[in-house]
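Here's a quick briefing on ring contacts. Have the model open while you read.

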Amino acid sequence: MPPLSTQHLRQLSTQVGFDLVGFARAEPIPGDFLLEWLAAGCDADMDWLGTRTAERLDVSLLLPGARTVIAFATNYYREDPRTEDSPIARYARGRDYHSTLRDSLKSFRRRLKEAYPEVHDYGSVDSGPMMEKVWAARAGLGYVGKNGCFITEPLGSWVLLAVLVLDAEVDAYAEGPTADRCGSCHLCIMSCPTGALLGQGRVDARACLSYQTIENRHAEVPESFRVEMDNLVFGCDICQDVCPLNRRPVTTSNKRFAPRAVAELGVMELAALTPEQYDQLIPGTALGRAKYDGLRRNAVYALGAAKRVEARPLIERLREDPSEAVRHAAEWALLHLNP
Ligand code: B12
Ligand code: SF4
Ligand code: SF4
């Protein structure tokens, strides 16, 4: 089969709503980045990251005869004065990005099938066994900054990634990551409140407040981290907010990223969320990953960390909450409110 035209694939990518697209040869990924990170325990308890490592490092195990990996990036930044102070990370304020990117990927695959019925593919958005930042780097969309995020020239790091493996060649491949623009800057490392950035883009998830507020919904958040959660309930954007390469964000026109009503709530309202409000506000967003009790636990920590004395009656009520995590958080927050 002759190589597929990257010009044509770029057109399809734009038609389905991706902002950036690039092409990499489907060569194995050197194991050291992932294996050393796992061996050091940086995955915390996200055990799924340590499974299927062979596939993560070699996409031909996911798609026999893999030749090309297409990497896509979608801008999610949206200026919105009503939600600028939201304690929810920017990427999670609108519709769940997984469904937004999956819908684009599905449309892309449909068009690909129509144009090239003999080509097979394997796609992934976030949860698949693929190292998306590595593929985005290889496909020439940008590079991994010291903040561990993937940084593009036109859109900074306010992008989400998706990848598609093909068993066909394309007519042009990227040369690899774009030039590292961090230089001697280390603002993100200095600003990370919990020391989770280890240098060279490595992130220790155990210390990252994104992990603690989203993935760690069972155990308590370590005490030394709780005090840093004063306006963080779901995810953390600190190391992106301080990055000079994010100083000129571009507002996306994709309405799916428009902040939803939940992003207008403050920490106090999130701590007081009722099950009915949860059912009304959360489905369709990414916030469901933290679950009802996880979100409220985080919000209660945040009230304690910010010493919000006006929240005392609410926190006292939450000491009797059916959720153990919320009760514990309330006990801690009350201690913290006391002078
Ligand atoms: C596990 C995970 C997390 C964990 C661990 C973070 C981490 N950096 O590993 C936690 C829960 C902490 C997390 C947090 C966040 N995440 Co996350 N996460 C992932 C996930 C599922 C896997 C990442 C992984 O494989 N890590 C293992 C390490 C070893 O690999 P790595 O991250 O790729 O980093 C190494 C390599 O890239 C290598 N490298 C760098 N350049 C190159 C070049 C080449 C050629 C090669 C070979 C290697 C190489 O060096 C890096 C350091 O060792 C990806 C989705 C996916 N399937 O890839 C999303 C993903 C990385 N997350 C994403 C987002 C949005 C976030 C948050 C911003 C959310 C938030 N606001 O709270 C934060 C950012 C935290 C941070 N500073 O990085 C986006 C990133 C978008 C972007 N622009 O970077 C992704 C890609 C999801 C998506 N589909 O868009 N996340
Ligand atoms: S997301 Fe927050 S806690 Fe995690 S590395 Fe960045 S600044 Fe640190
Ligand atoms: S803050 Fe500085 S060091 Fe960190 S990612 Fe941005 S440019 Fe690189």
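Which residues do ring pairs link into a cluster? They are Tyr76, Tyr77, Trp158 and Phe257. This is a predicted model, where local features need pLDDT of at least 70, side-chain atom pairs count only at pLDDT 80 or more, and totals for chains, interfaces and linings use all residues. Residues are numbered from 1 along each chain as its sequence is written, chains are lettered from A and ligands numbered from 1 in the order written, and side-chain values use heavy atoms, leaving out hydrogens and water.

**Aromatic pairs**
- You'll find nine aromatic pairs in the structure; Phe, Tyr and Trp rings (for Trp, the six-membered one) pair if their centres lie within 6.5 Å, and planes under 30 degrees apart count as stacked, over 60 as edge-to-face and the rest as tilted.

**Burial**
- Tyr76 and Trp158 are both buried, and Tyr77 is buried as well (under 20% relative accessible area, 1.4 Å probe, protein chains only).

**Charges over rings**
- Arg138 has its charged end over the Trp135 ring, 5.0 Å from the centre; this takes NZ of Lys or CZ of Arg within 6 Å of the ring centre and within 35 degrees of the ring normal.
- Arg296 places its charged end over the ring of Tyr292, 4.1 Å from its centre.

Terms used
Buried < 20%, exposed > 50% of the residue type's maximum accessible area, 1.4 Å probe, protein only.
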